[in-house]
Amino acid sequence: MIRLNDRLAAVFSVIDPTDQVMDVGCDHAFLAIALKEKYKDMNVVASDNKEGPLKHAKENIKKNHLERKIELRFGNGIQVLDEKTDTVVISGMGGLNMIGIFKYEEAKRKQIRKIVLSPNSDVESVRREFMKMGYQIYREKLVRDGKFIYPVIDFRKGRVHYGKKDLLLGPVLRKEKSPLFLEWNQKEIDRISQLIKVLPKGFWQKRIRLRRNLKIHKTVLKTL
């Protein structure tokens with residue numbers, strides 16, 4: 001069995017046995033290998049738009065004797081999606097890049113019922129834009145990766161409206177208030193407070209947004 005790091009293990013945990021998966025930006029294909037080892041009947045595709053990672057992925061897949069079980073594809077985002085795939089996974093990429101991969105591929109999006117994302121940044125924007133694209137948050141969790149804390153979000157097709165608090169904090173995370181969520185929330189309070197201090201005076205609109213976000217983060221502490 002291949003061993004996953006904590007972040008990929010968290011992503012793995014929200015994949016269901018009936019999902020038919022494409023891992024976009026597969027890197028070394030560790031997630032694809034782990035999925036195929038556990039779910040023999042799952043259709044698993046590993047894709048990347050860089051030849052280097054795909055070469056490493058191919059080597060790892062061969063090392064684990066899964067050459068005929070996992071399909072490798074070279075291409076951008078969901079442009080190489082096939083008709084079998086209904087679940088797309090992307091981990092370790094900037095949130096704005098994730099949005100761009102899906103936003104302008106409406107025809108391809110129609111067949112995707114589930115999207116699992118673990119963005120490095122712009123998480124509020126990710127929640128907002130995927131809501132606009134017709135997806136709702138079914139599950140979400142936080143995972144520690146070194147000194148950073150990242151979200152893992154399971155989106156499913158469905159119309160919903162999230163308010164500012166849900167977009168910023170996560171509709172599931174802010175209700176569960178796990179210890180890791182509270183730690184992340186405090187880190188955000190510290191980060192935003194410091195950013196406000198060093199922000200040049202001309203950035204008054206950004207300062208207003210930051211203060212609004214800071215106020216929301218501080219409300220979490222008041223409800224403990």
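Colleague: How far apart are the end C-alpha atoms of helix H3?

Modeller: This is a predicted model, where local features need pLDDT of at least 70, side-chain atom pairs count only at pLDDT 80 or more, and totals for chains, interfaces and linings use all residues. Residues are numbered from 1 along each chain as its sequence is written, and side-chain values use heavy atoms, with hydrogens and water left out. Helices (H or I, at least four residues) and strands (E, at least two) are DSSP runs numbered from the N terminus, and a helix is expected to span 1.5 Å times one less than its number of residues. H3 covers residues 51-63, so its 13 residues should span 18 Å, and that agrees with the distance between its end C-alpha atoms, 18 Å.

Colleague: Which residues of H3 are buried?

Modeller: Buried means under 20% relative accessible area, exposed over 50%, and partly exposed in between (1.4 Å probe, protein chains only). An α-helix has 3.6 residues a turn, so residues three or four places apart point the same way. In H3, the buried ones are Pro53, Leu54, Ala57, Asn60 and Ile61.

Colleague: How many residues of S2 are buried?

Modeller: In a regular strand the side chains alternate between the two faces of the sheet. For S2, Val44, Ala46 and Asp48 are buried on one side, and Val45 and Ser47 are buried on the other. That leaves S2 mostly covered, and the buried count is 5 of its 5 residues.

Colleague: Which residue in S3 is the bridge partner of Val45?

Modeller: Two strands pair if DSSP finds at least two bridges between them. S2 runs parallel to S1 (residues 21-24), with 4 bridges, and parallel to S3, with 5 bridges. On the S3 side, Ser47 has Arg73 as its bridge partner, while the partner of Val45 is Glu71.

Colleague: What is the handedness of the β-α-β unit made by S2, H3 and S3?

Modeller: A crossover is right-handed if, with the strands pointing away from the viewer, the path from the first strand over the helix to the second runs clockwise. S1, H2 and S2 make a unit of that hand. The unit from S2, H3 and S3 is also right-handed.

Colleague: What is the relative accessible area of Met42?

Modeller: Met42 is in the loop between H2 and S2. Contact means heavy atoms within 4.5 Å, and, leaving aside neighbours within four places in sequence, Met42 has contacts including Ile15, Pro17, Val21 and Leu35. Met42 counts as buried because its relative accessible area is 1%.
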